[in-house]
Amino acid sequence: MTRRLRRITILVFLMFLALFTSTSIIQVLSASSLQADSRNTRTTISSYSVQRGEILAGDQVIAKSVPVNSLYRFQRQYIDSELYSSVVGYYTRTQGSAGIEQAMNSELTGKSDTQFFDRIRTLVTGRGQQGASVTLTIDPKIQQAAKNALGSQVGSAVALNPKTGQILAMVSNPGYDANQLTGSDTDTVIARYKALLQDPEKPLINRTIGGDTYPPGSTFKLVVTAAALEAGFTPDSEFPNPSSLTLTGSTTQIHNDGDGTCGSGSTTTLRTALQLSCNIPFAELGAQLGQKRIAAMAKKLGFGTTLKIPMRVTPSVFPSKMTTAQLELSSFGQYDVRATPLQMAMVSAAIANGGKVLAPGLVQSVQNDRLQTLSSFHVRSLGQAMDSKVASTLVDMMTYNVQSGAIASARIDGVDVAGKTGTAETTKSAQYTLWFTGFAPANDPKVVVAVAVENGGSYDHSLGSHQIAAPIGRDIMKAVLSE
Amino acid sequence: MSTASTVAGAAQVKERNLRGIELALTLVALAIGALALILVQYGALGGLRPVPLVFAGVYAVSVLAVHVTLRITASHADPILLPVSALINAFGLIMIYRIDLEKQVTALWSPAARQVVWSVLALAAAIVTLLLLRDHRTLQRYTYISMLAAIVLLLLPMVPGLGSYNGTNARLWVHLGPIAFQPSEFAKIALAVFFAGYLVQHREALSLTGHRILGIRFPRARDFGPILVVWAVSMLVLVFQHDLGTSLLYFGLFLVMLYVATGLTSWVWIGLGMFALGGWAASRVITYVQGRFDAWLKPLDTKVYDTPGGSYQLVQGLFGQANGGLFGTGLGKGYPGITPLSQSDYIWASLGEELGLIGAFAILCLYLVLISRGIRVGFAGQDDFGKLLGVGVSFVLALQVFIVIGGVTRVIPLTGLPTPFLAAGGSSLLANWVIVGLLARITNSIRVGNREAVS
C-alpha cells in the first residue's frame with residue numbers, strides 16, 4: 001500500500017506542478033502580450049491609475065494629471081490648451097492620443113526602459129507610481145508671440161534655434177481645447193472628438209509637421225539655389241530674361257509674378273531671380289542643373305527623411321522621374337514638390353548654420369518624480385548639406401532679399417534679417433498657401449522661422465506672402481531677439 | 001516498567017505540545033488574515049472601517065472554537081490542519097470583501113458578510129463532526145447508506161422543481177426555500193466514505209478473483225457492479241447536469257481509492273478509458289462541452305471570444321492574472337471585479353491579480369501542505385478504513401483544486417467547481433470544513449494508537 005500511496009503522492013505533486021507552471025506562464029511569461037491585447041480593459045484603466053507625468057514648456061506646466069474620485073484615478077488637465085494643442089496633443093481613454101502625449105507615452109506613464117529602477121522602487125516602498133515629467137524646448141513667450149502673430153489665419157508657424165535644432169515655438173492654427181476630450185463620460189468625449197475630426201479647418205492636425213504637406217512654392221528656390229551654387233553657379237550667373245516661357249516639350253506657358261520680366265534687361269542674374277522670386281530663370285536653372293543635383297540637395301536638407309521630434313514628421317517630397325517640363329515646374333516649388341513648414345525651417349537653419357543640418361527636437365529633458373534627469377536634449381547632426389561658403393553666399397542673398405525692400409515687411413530695426421517668401425498655387429481658383437522662411441540676425445543667427453498660411457486668397461485676391469506671411473515670421477523673430 | 005512510563009510521559013509532553021503548536025500557528029494565520037484585511041482597507045479605501053473588523057473577529061473566534069474543540073475531543077490530532085485551512089479560508093474572505101469594495105456593494109448583507117456567516121457555520125460543522133464522531137471507524141457501518149446518500153445527493157438537482165442552474169451553465173443547484181445549495185459538495189464526502197467501506201470489504205475479492213484476458217485481470221460481474229454504477233452516475237452528472245468537473249471529480253476519486261485499495265493498475269486504465277470515451281461522446285453531443293473545449297484551446301481567437309458562452313470570461317481572468325504579474329498589484333489596488341464571477345469561479349484569477357505569482361504560489365503551497373497532511377494518514381494510519389478515507393478526502397481536495405485552478409489557468413477545459421475554502425458559496429465551505437474535521441479525527445486516532453502501542 002505504501003508504494004501505491006507514493007505513486008498517488010507523486011500524482012498530486014504533478015498536478016500541482018502543472019498549476020505552478022500554468023500560473024507562471026500566465027502571470028509572467030505571457031503577461032506582456034496579454035496586457036498588450038486591445039481587449040484588455042485593465043491596461044486602459046491602469047494607465048489612468050498611475051499619475052501621468054507633467055508636460056512643461058520652460059517652467060510652465062502645460063499638462064498635468066489631477067486626482068479624481070472614479071475608477072480612473074486621475075484626469076488629465078491642460079493649461080492654455082489652445083496655445084499648445086499642436087505640440088502637447090491629447091490623451092483620451094477611448095479615442096487614442098496625439099502629440100507629445102502619444103510620442104512620450106511610455107515616459108509619461110513610467111513604463112520606459114530608463115524608468116525600470118523607479119518601478120522597482122515604487123514596488124518596494126509601496127508608493128503610488130508616478131510617470132516622468134517631460135520638459136519641452138518650447139519657450140512660452142515665443143509660442144505666445146507665434147500664436148498672436150498668426151492671429152485668426154489658418155496655417156502654422158515654427159521657430160528653431162539653428163545652432164541646436166531645439167524647437168522654440170510650434171503653432172498650428174486653429175488649435176483646440178484638449179480638456180474637452182478628458183472627461184469621464186465616454187459618449188460626450190466621442191461626440192466632441194468626432195466634431196473636431198469633422199471640423200473643415202482640421203484643428204486636430206499639426207500643420208507644421210504633417211497632415212497635408214504644402215507645395216513650398218518659391219521657398220523651394222533656396223534649395224535649387226544651394227544646388228546651383230554647389231554646382232559652380234554664382235549669384236551673378238546670367239539667365240535669359242523673357243516675360244513668358246513655354247515649358248520644354250509642352251504648350252504650357254509660365255510667367256513670373258506680375259507677368260513681366262525679371263528686372264530690366266535681356267538677361268537677369270541668380271541674385272535678382274531669388275530677390276524678385278522669378279519663376280522663369282529658376283525653370284531655366286533647374287533644366288540646366290538636372291533632376292539629380294536638385295534631388296541630392298533636397299535629400300541632404302531632409303526631404304524624404306522620416307524624422308521623429310519625437311512625433312513623426314511627414315517626409316517632405318521632391319519627386320523623381322520627372323519630364324523636363326515637370327522639372328522646370330518643380331524648380332520653383334510647384335508640380336508635386338511637397339514640404340512641411342518644419343522642413344522649410346530646416347532648410348533655412350542649414351543655411352544659417354554654415355550648411356550643417358541638425359535634427360530638430362521638442363524634448364528638452366525627461367525627469368522622474370525624484371527630479372533625476374533621465375534624458376536630455378542633445379544636438380544631433382544629420383550631415384553637411386552644402387559647403388559653408390555656399391551657405392554664407394546664400395545668407396548674403398537672403399539678407400539682400402529683405403534689405404533691398406523686396407520683403408520689407410520682414411525687416412527688424414537694427415538687425416539684419418535673411419528671408420524668402422513663397423506663394424504656392426495649386427490651381428487658379430484654389431486658395432494660395434503663403435510662405436515665409438528666414439532667420440535673424442543674419443550674421444549670427446539665433447532664430448529660424450517658417451510660416452505657412454493656408455487661406456491666402458486666390459489668384460486675383462491674394463494679398464501675397466509679403467503682406468501676410470513675412471510679418472508673422474518677423475514678429476516671431478522679434479520675440480526671440482528681445483529676450 | 002519505568003522505562004515504558006518515561007516513554008509514555010515523554011510522548012504526553014509531545015502531545016500536549018501539539019495543541020500548543022496548533023494554537024501558535026492558528027494565531028499566526030489569523031494575524032496574517034487581519035493584516036491582509038487592513039491592507040485591503042488601506043489599499044482600496046485609504047482608511048479603516050470598523051464593521052469588517054467585527055466580522056473578522058467573529059471568524060477568528062470561530063476558528064479558535066475549533067481549536068478548543070480539538071483540545072477537548074481530539075487532543076492528538078494533526079496541528080497543521082486547522083491553521084492552514086483557516087488561512088486559506090481567510091484569503092477567500094478577504095478577496096470576496098475586496099471585490100465587494102470594488103463593486104461598491106454597500107449593503108450589510110453583502111457577499112463577504114454572507115461568506116463570513118457561511119464560514120462560521122462551516123467551522124461549527126467541523127466542531128459538530130468532531131463532537132459526534134468520536135471514532136471514525138463508526139462510519140464504516142454506514143457504507144451503503146453513504147452510497148445511497150451520495151446517489152441521492154447527486155441526482156437531486158435533476159429532480160424537476162428542486163434543481164436549477166442558478167444562473168450558471170451547470171445544473172448543480174438545489175433550492176430548499178430561500179437557500180440554494182450544491183449537493184455535489186456533500187456527495188464527495190459520502191462517496192469517499194462509501195468507497196472506503198466498500199473497498200476495505202471487497203478488495204481481496206476484487207484483486208484476487210476474476211478472469212485474466214490479454215494479461216489484464218477483469219473482475220467478476222458482481223464485484224464489478226458498483227463500479228459500473230459509479231461510472232453511470234458520473235456520466236449522468238455529465239450529461240444531465242452539464243458538469244464535466246463534478247463527474248471528473250467523482251470518477252477520479254473513485255479510481256484513486258480503487259487503486260490504493262487493490263493496486264490494480266489495469267483497472268485504472270480501464271476506468272480512464274471509459275471516462276475518456278464518455279467525455280468524448282459528450283463533447284460531440286453537447287454543444288456546451290464543445291464550447292468549453294474551444295475556449296480552452298484558443299481563447300484569444302476573436303470568434304471564440306465573441307461567442308456567447310465563449311472564452312470571454314476565461315480571457316478576462318487571464319487579463320487579470322497578467323495584470324498581477326510577479327508581485328501583484330497589491331491588495332485593493334487591482335481590478336479583479338472586471339472578471340465575471342470574480343468572487344466564485346474566478347477567485348483564483350482575482351487572487352493572482354492582487355497577490356501576484358508570489359501570492360498564488362503561497363496559496364498553492366498551503367493547499368499542498370494541507371493535502372500532504374491528509375495523505376500522510378495513508379502512510380501512518382492504523383486501520384485500513386481510516387487510511388483509505390483519509391487518502392480519499394485528501395485526494396478529492398487535491399483533484400478539486402486541480403480541476404478549478406487548472407480550468408482558470410488553461411491546463412484543462414474550464415468547469416464550474418468551487419475552489420476549496422476560497423470561492424464564495426456555503427456548500428463548499430461546509431463540506432471542506434467537515435473534511436478537515438474528519439482528517440483531525442483520523443489523525444487523532446493515529447497518535448492515540450501509537451501511544452497505546454507504546455504503553
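In which helix of chain A is A:L481 found? The legends below begin with that residue. This is a predicted model, in which local features need pLDDT of at least 70 and side-chain atom pairs count only at pLDDT 80 or more, while totals for chains, interfaces and linings use all residues. Residues are numbered from 1 along each chain as its sequence is written, with chains lettered from A and ligands numbered from 1 in the order in which they are written.

**View 1. A:L481 and its contacts.** A:L481 sits in helix α18 (residues 469-481) of chain A; helices (H or I, at least four residues) and strands (E, at least two) are DSSP runs, numbered from the N terminus. Leaving aside residues up to four places away in sequence, A:L481 touches A:I412, A:V415, A:A440 and A:K446. Here, two residues are in contact if their C-beta atoms, placed from the backbone, lie within 7 Å. A:V415 is 66 residues from A:L481 along the chain, yet their C-alpha atoms are separated by 9.2 Å. A:L481 counts as partly exposed because it has 15 C-beta neighbours inside 10 Å. (Buried means 20 or more other C-beta atoms within 10 Å of a residue's own, exposed means 12 or fewer, and partly exposed is in between.)

View 2. The axes of α1(A) and α13(B) come within 11 Å and cross at roughly 175°. Axes are lines fitted to C-alpha atoms, for helices over the stretch in contact, and angles run from 0 to 180 degrees between N-to-C directions. The two helices, α1(A) and α13(B), are therefore roughly antiparallel, a term for angles over 145 degrees.

**View 3. The side of chain B that touches chain A.** In this view, 36 residues of chain B are in contact with 27 residues of chain A. α13(B) gives the most to this side of chain B, with 11 residues. By class, this side of chain B has 24 nonpolar, 11 polar and 1 charged residues. (Ala, Val, Leu, Ile, Met, Phe, Trp, Tyr, Cys and Pro count as nonpolar, Asp, Glu, Lys and Arg as charged, and the others, Gly among them, as polar.)

**View 4. Two packed helices within chain B.** Helix α5 (residues 143-155) and helix α6 (residues 183-208) of chain B pack at an angle of about 150°, with their axes 8 Å apart. That makes α5(B) roughly antiparallel to α6(B). The contact is made by residues including B:M147 and B:L154 of α5(B) and B:F186 and B:F194 of α6(B). Its residues divide into 13 nonpolar, 4 polar and no charged.

**View 5. Backbone details in the loops.** Most residues other than glycine have a negative phi, and most peptide bonds are trans. Now look at the peptide bond from A:N173 to A:P174, which is cis, with omega near -5°. A:P174 lies in the loop between β6 (167-173) and α9 (186-198) of chain A. The peptide bond from A:I309 to A:P310 is cis too, with omega near 5°. A:S277 is not a glycine, but it has a positive phi of about 55°. With 26 C-beta neighbours inside 10 Å, A:S277 counts as buried.

Methods:
Angles under 35 degrees count as roughly parallel, over 145 as roughly antiparallel, 65 to 115 as roughly perpendicular and the rest as oblique.
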